[in-house]
Amino acid sequence: MKNLDYRYLIDDLPYGFSYLQLVVDSTGHVGDMILLDANRKFLELTDLQDTPWHGRSMNSLIPGFAPAIIQKSGSDPLKYRNRERISMEFFQPEFQKWFHLSITAYDQHEIVMVLTDISRTKKTEEEFTNSEKRFRSLYENATIGLYRTTPSGEIIMANPALVKILGYSGFDEIALRNLEEEGFDPEYTRKAFKEAIEKNGEIRGLESLWMTRDQRKIYIRESARAEKDEKGNVIYYEGTVEDITERKVAEMQISELNDIFLELGIDPQHNTEIIVRKACEILRADFAMYNELENGNRVFTISGYNTPFHYSGQPLSEVLHYLLDQEGAQEYPRFVEHSKDTFSADPLVRNSGVRSMASQPVFITGKKIGWIGVGSCHERGYSSTETSILSTLAKALSLEQKRYQIEKKLKESESKYRSFVRNFHGIAFRGDLEFRPFFFHGNVETITGYRECDFISGTLNWRDVIHPDDLPNLIEETRDINLKPDISLEKEYRIIRSDGEIRWVKQVVRNLSGRSGKPEFVEGVIYDSTGLKEFEENLKKAKTEAEEASRAKTQFLANMSHEIRTPLHAILGFSEILLLQESDRNKLEMIHTIIDSGDQLLHLINDLLDLSRIESGVMKVYRAEFNLVQLARETISYFHKQTDQKGLDIKLKTEGLDDVTLVGDPYKVKQIMVNLISNAVKFTEKGSIRLNISAEKEGSHRCIVNIHVRDTGIGIDREMQGTIFDEFRQLDDYLTKKEKGVGLGLTIVRKLVSILNGTVDVESEKGKGSTFMVRLPLEISKVTIMESSEKSSENLQPGKLSDLSILLAEDNEANQFLIEALAKSRGWKLKVVSNGKDALHEFDTGKYHLILMDVQMPVMDGYEATRLIRKREIETGKHVPIIALTAYAMKSDRDECINAGMDDYIPKPFSREEFFRKVEETFERTGK
């Protein structure tokens with residue numbers, strides 16, 4: 001073995017290879033290992049490239065490495081000799097990596113060791129396990145119902161929310177029902193359900209009535225779809241169910257509230273009776289009352305709507321007065337909801353049968369004039385909608401009583417009344433059913449250009465000034481005024497002034513009935529709405545222009561991103577290849593500079609896209625469980641290279657969060673920390689950076705997380721601190737230094753913090769550093785973070801797909817050359833075409849394991865080519881994986897690729913490792 005020249009065989013292996021001698025102590029146990037030989041990959045994995053290693057003890061080279069191996073495999077050297085191979089997995093804290101190790105004995109004291117980095121696989125396994133836990137938690141804790149049924153109607157899945165909505169005690173009870181034989185809604189048959197899905201592909205937001213276990217009808221909103229196999233046969237139906245009973249009832253109550261104003265006439269006292277009666281009907285109460293006050297004393301009470309009669313002979317009004325007077329002269333709403341003390345303390349109330357009530361004070365110009373109240377003979381509560389309805393009715397009573405007082409005063413003085421009408425901003429009128437006025441006062445001449453007397457004398461009819469294009473429709477819409485009593489209408493139309501000017505007016509009119517009960521005349525008001533109409537039109541125009549500008553900005557950013565990413569992809573890609581092949585130190589430094597500059601440019605592009613997504617409102621807030629301390633450690637690790645280069649000390653300090661699982665959007669929280677630390681590194685030349693994280697609990701399941709990033713950098717003038725969060729703003733002296741960026745990092749921080757309902761602030765002093773302080777409200781999960789020991793995914797070994805045949809459709813020559821170089825390094829066969837039409841031809845004539853498809857190409861783009869390939873595959877039954885290669889990086893671009901039939905998406909520029917991983921994972925997942 002020692003004399004075998006195997007260097008040329010192992011030096012280029014993609015895994016670590018080493019040859020070691022066991023150090024056996026006097027007791028016959030292995031205590032250490034001497035490194036005799038190793039290939040480049042082994043030295044890279046163990047970080048020994050620049051360390052003299054030959055013939056040295058592993059304990060001295062990597063403390064803890066040899067003991068970990070000996071502990072797992074055994075310290076008896078005979079175990080190495082007697083076993084063909086020893087395999088194990090272990091975590092090395094020195095490198096924060098997981099390794100797979102294979103040991104083969106050469107003789108009793110010499111071994112061959114093969115080392116592979118499996119950290120990515122371990123992380124994938126952990127993420128998969130956490131994702132499965134999150135899905136189960138969402139399913140179990142969802143507030144909407146989730147179900148799944150067989151095609152024949154058997155219920156095979158229903159989450160706890162659906163069980164609760166339908167009033168069952170457990171899934172076993174629901175599972176006994178077959179929806180083909182009996183559904184939850186007798187009028188919504190299973191046949192109609194299937195036909196709707198077959199026709200539309202899904203049911204979305206369908207509202208209907210369902211029956212609960214106790215035969216109670218509830219309103220639900222349902223969405224459902226069918227999952228089909230490759231032949232189009234239904235495997236199962238699944239959907240969501242939301243109980244919207246409370247909202248529907250509220251809608252009906254609000255609709256009834258709106259209708260009440262159509263019943264109101266001209267008599268305020270009669271209108272008061274209508275309002276009180278409607279309060280009882282709308283709120284489903286047993287009785288309603290209005291208690292009027294005058295100088296603090298009760299004058300009269302209107303009551304008697306569905307009232308209870310077993311109240312010990314006392315008038316119901318006395319019972320209600322007792323309940324209202326318990327709190328004295330209140331200036332706020334009164335709610336008495338099935339309180340034992342209230343309804344049992346006094347015999348008068350106890351014997352009345354009243355068990356709940358709600359009331360609202362009625363005010364006129366700040367003075368309380370009475371109460372409107374409703375009550376029931378059974379225990380019940382009042383929703384926020386019902387509270388608002390009662391408040392609205394109180395305001396309506398206030399208006400009616402105010403109108404009554406005004407009319408009373410006007411009747412005392414006709415001259416005052418006419419003065420009031422003449423000074424009215426619009427026109428007040430009363431006339432016959434043909435709109436011939438016999439009372440027509442106000443700003444008539446200002447609005448129409450004609451005199452009042454022209455209309456009152458009959459020289460002009462109001463219809464004479466209405467625009468001829470609007471008149472027929474207006475006559476048709478006001479026809480009911482002549483036929484039905486108590487009709488009120490509001491219309492907007494054009495008139496032509498005496499000088500020919502066209503103006504918009506709004507008319508509110510109602511009919512009045514005579515002793516016969518039939519309509520006899522009309523009255524109402526007319527006012528000039530031209531200014532308001534022009535304002536509305538200008539507002540619509542401005543809104544349209546703003547939306548067009550927003551779309552143009554988004555498209556510009558997408559195009560700009562594409563045009564920059566395409567050449568940047570080639571620059572970064574070839575730089576990575578040169579980095580692997582170059583050994584000259586000066587050239588390596590130049591290549592690193594190219595990569596760093598490219599990464600910086602990519603970072604600026606991503607900042608612009610992030611800002612665009614936030615401002616356009618398309619950035620979603622995700623909800624997931626995460627450990628903030630772990631997230632902070634990952635964030636800190638990103639900056640070690642930069643801080644080492646500048647000689648900065650960067651540290652993380654946490655308080656009370658190590659074992660706490662939070663619920664929120666970890667991606668946005670991480671981006672906030674990344675942007676703040678990046679800003680600190682950028683403007684700190686010496687000293688330290690500290691990331692301090694703590695939490696303030698608010699109850700058992702909520703907390704306020706404080707994230708402080710403190711640096712010893714150049715600091716910020718007090719007068720400039722108010723502008724650093726603005727877009728594209730940096731301090732003046734920042735711009736004179738070597739710092740990079742366009743001033744979006746802190747802007748994005750502020751917008752992300754706002755989206756998460758938090759706050760951000762800064763404390764700084766020129767020359768002494770800055771501290772950025774973020775406060776975020778987050779939920780505390782009921783479980784703590786636990787590392788799972790279950791392993792469920794199989795390793796994908798590098799080089800496993802060495803015989804892969806790939807078709808590349810790409811019109812950019814630099815990108816063609818780059819991908820050819822990457823494919824060649826893996827031994828993959830690559831065929832290159834320059835447009836979608838040629839790609840389609842190659843698909844028809846050749847055999848390829850996988851297709852790399854650019855999106856923008858001449859002749860035929862990648863979307864169209866993919867759609868045509870998928871159509872051909874329907875006939876053949878085969879499936880060739882297609883991966884999109886594009887410099888368009890918006891989320892909508894990825895969705896468009898997937899919708900076109902592509903299996904995955906790689907945005908340009910991408911790294912060498914990312915390219916290999918995507919190709920291998922996609923082929924393993926979808927290739928046949």
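Mentor: Start with a side-chain pair: Asn706 and Glu696 make a polar contact of 3.0 Å through their side chains. Keep in mind that this is a predicted model.

Trainee: OK. Which strand is Asn706 in?

Mentor: Strand β26, which covers residues 702-711.

Trainee: Is Asn706 buried or exposed there?

Mentor: Buried. Its relative accessible area is 8%, and the cut-off for buried is under 20%.

Trainee: What is Asn706 in contact with, leaving aside neighbours within four places in sequence?

Mentor: Asn692, Ile693, Ser694 and Glu696, plus Val774 and Arg775. Glu696 is also the partner in that 3.0 Å polar contact.

Trainee: New topic. What is the strand order in the open sheet of five strands?

Mentor: β30-β29-β31-β32-β33, and the pairing is parallel.

Trainee: Which ones are the edge strands?

Mentor: β30 (829-833) and β33 (904-907). Each of these pairs on one side only.

Trainee: And how about the twist?

Mentor: From one strand to the next, the average is 20°.

Trainee: How many bridges link β29 and β31?

Mentor: Four. β29 spans residues 805-809 and β31 spans 850-854, and they run in the parallel sense. Look for Leu808, which sits opposite Leu852 in β31.

Trainee: Which strands does helix α29 touch?

Mentor: β31 and β32 (882-886). Helix α29, residues 862-876, packs on the sheet, and its direction makes about 150° with that of β31.

Trainee: What about helix α31?

Mentor: Helix α31 (residues 912-926) packs on the sheet too, touching β29, β31, β32 and β33. Its direction is at about 175° to that of β33.

Trainee: Back to α29. How do the axes of α28 and α29 cross?

Mentor: At roughly 20°, coming within 9 Å. Helix α28 is residues 836-845.

Trainee: So what do we call that arrangement of α28 and α29?

Mentor: Roughly parallel, because angles under 35 degrees count that way. The crossing is right-handed.

Trainee: Which residues make the contact?

Mentor: On α28, Gly836, Leu840, Phe843 and Asp844. On α29, Ala865, Leu868, Ile869, Arg872 and Glu873.

Trainee: Last one, Tyr106. Where is it?

Mentor: In strand β5, residues 97-107.

Trainee: Why does Tyr106 count as partly exposed?

Mentor: Because its relative accessibility is 38%. That falls between the cut-offs of 20% and 50%.

Trainee: How far is Tyr106 from Gln21?

Mentor: They are 85 residues apart in sequence, but 9.6 Å apart in space, C-alpha to C-alpha.

Note on methods
Residues are numbered from 1 along each chain as its sequence is written. This is a predicted model: local features need pLDDT of at least 70, side-chain atom pairs count only at pLDDT 80 or more; totals for chains, interfaces and linings use all residues. Side-chain values use heavy atoms; hydrogens and water are left out. Helices (H or I, at least four residues) and strands (E, at least two) are DSSP runs, numbered from the N terminus. Buried means under 20% relative accessible area, exposed over 50%, partly exposed in between (1.4 Å probe, protein chains only). A polar contact is a pair of N or O atoms within 3.5 Å; within protein, one must be able to donate a hydrogen and the other to accept it, and residues adjacent in sequence count only if both atoms are side-chain atoms. Contact means heavy atoms within 4.5 Å. Two strands pair if DSSP finds at least two bridges between them. Axes are lines fitted to C-alpha atoms, for helices over the stretch in contact, and angles run from 0 to 180 degrees between N-to-C directions. Angles under 35 degrees count as roughly parallel, over 145 as roughly antiparallel, 65 to 115 as roughly perpendicular and the rest as oblique. A crossing is left-handed if the near helix is turned anticlockwise from the far one by less than a right angle, and right-handed if clockwise.
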